[in-house]
Amino acid sequence: MQTPTPLQIRISWPAGHLDASLDDTPTSQALVKALPLVSTARTWGAEVYFDTGVSVSRETGAQEVVEPGTVAFWTDGDALALPYGPTPISRDDECRLAGPCNVLGRFDGDPGLLATVRDGDPVRVELLDT
């Protein structure tokens, strides 16, 4: 039996891009069906988030505090939430999201690259062929 290949996506903005591996979750599947998508980046502390037009329910394992580089889905805003450091509501140096988010996967590269995203930048999310 073959192990399923993880879903690979690329998130691009004017100053760069990052690839991420997504776990096979209902939210990841819904997101992949909507790709490619283009949106407008918003920044909140050391987090980039943007609307996806995808609406899903909060999953059982939703988390509010995650590791830097986690690819999360904020169900209250139909948005991808990409933390790379503390947000305005973090305690110390944790990555605290605006609310519980579905965890989709992790960036394969340095999430610190997200610091080059400016509020209002166009962002594109596409599926990578594996």
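# A chat about loops, cores and salt bridges

Visitor: Where does Pro36 sit?
Guide: Pro36 is in the loop between α1 and β3 (37-40). Keep in mind that this is a predicted model.

Visitor: What joins Leu35 and Pro36?
Guide: A cis peptide bond. Its omega is about -5 degrees. For background, most peptide bonds are trans.

Visitor: OK, backbone angles then. What is phi of Asp78 near?
Guide: Phi of Asp78 is near 50 degrees. That is a positive value, and Asp78 is not a glycine. As a general rule, most residues other than glycine have a negative phi.

Visitor: Where is Asp78 found?
Guide: Look in the loop between β7 (70-74) and β8 (79-83). Asp78 is partly exposed there, with a relative accessible area of 23%.

Visitor: And what about phi of Asp92?
Guide: Asp92 has a positive phi too, near 60 degrees. You will find Asp92 in the loop between β8 and β9.

Visitor: Is Asp92 exposed or buried?
Guide: Asp92 has a relative accessibility of 76%, so it counts as exposed. The cut-off for exposed is over 50%.

Visitor: New topic. How many salt bridges are there?
Guide: The structure holds five. One of them pairs the side chains of Asp19 and Arg10, at 2.7 Å from N to O. Arg10 is partly exposed, with a relative accessible area of 26%.

Visitor: Which side chain meets Asp119 in a salt bridge?
Guide: The side chain of Arg42 does, at 3.3 Å from N to O. This pair links distant parts of the chain, 77 residues apart. Asp119 is in the loop between β9 (95-107) and β10 (122-127), while Arg42 is in strand β4 (residues 42-43).

Visitor: Why do Asp119 and Arg42 count as partly exposed?
Guide: Because of their relative accessibility: 46% for Asp119 and 35% for Arg42. Partly exposed is the range between buried, under 20%, and exposed, over 50%.

Visitor: Which residue does Arg96 bridge to?
Guide: Glu94. Their side chains meet at 2.7 Å, N to O. Both Arg96 and Glu94 are buried.

Visitor: Let's go to the helix. Where is Ser28?
Guide: Ser28 is in helix α1 (residues 26-33). Its relative accessible area is 0%, so Ser28 is buried.

Visitor: What does the side chain of Ser28 reach?
Guide: It reaches the backbone oxygen of Asp23, at 2.9 Å. Leave aside neighbours within four places in sequence, and Ser28 is in contact with Leu7, Leu22, Asp23 and Leu104.

Visitor: Now the inside. How many residues are in the largest nonpolar core?
Guide: That core has 26 residues. Ile11, Phe50 and Leu80 have the most contacts inside it. In general, nonpolar side chains of soluble globular proteins tend to be buried together.

Visitor: What does Ile11 touch?
Guide: Among its contacts are Phe50, Leu80, Leu82, Phe107 and Val125. Ile11 also touches Gly16, His17, Leu18 and Arg124. Residues up to four places away in sequence are not counted.

Visitor: How many residues make up the second core?
Guide: Six, and this core is separate. Its residues include Val66, Ala72, Ala81 and Cys95.

Visitor: Back to loops. Is Val117 buried or exposed?
Guide: Val117 counts as buried, because its relative accessibility is 3%. Val117 lies in the loop between β9 and β10. Not counting residues up to four places away in sequence, it touches Trp13, Ala41, Thr43 and Val48.

Visitor: How many Å separate the C-alpha atoms of Val117 and Leu37?
Guide: 17 Å. Along the chain, Val117 and Leu37 are 80 residues apart.

Visitor: Last one. What does UniProt list for residues 8-126?
Guide: The UniProt record, an unreviewed entry, lists "domain: Cyclophilin TM1367-like" for them. In the model, this span is 7% helix and 47% strand.

Definitions and conventions:
Residues numbered from 1 in each chain as written. Predicted model: local features only at pLDDT ≥ 70, side-chain atom pairs only at ≥ 80, totals over all residues. Heavy atoms only, no water. Salt bridge = Lys/Arg side-chain N within 4 Å of Asp/Glu carboxyl O. Buried < 20%, exposed > 50% of the residue type's maximum accessible area, 1.4 Å probe, protein only. Helix = DSSP H or I, 4+ residues; strand = E, 2+ residues; numbered from the N terminus. Polar contact = N/O pair within 3.5 Å; in protein donor to acceptor, adjacent residues only side chain to side chain. Contact = heavy atoms within 4.5 Å. UniProt positions renumbered as here; feature names shortened; annotations may be inferred. Core = buried A, V, L, I, M, F, W, Y, C linked by side-chain atoms within 4.5 Å.
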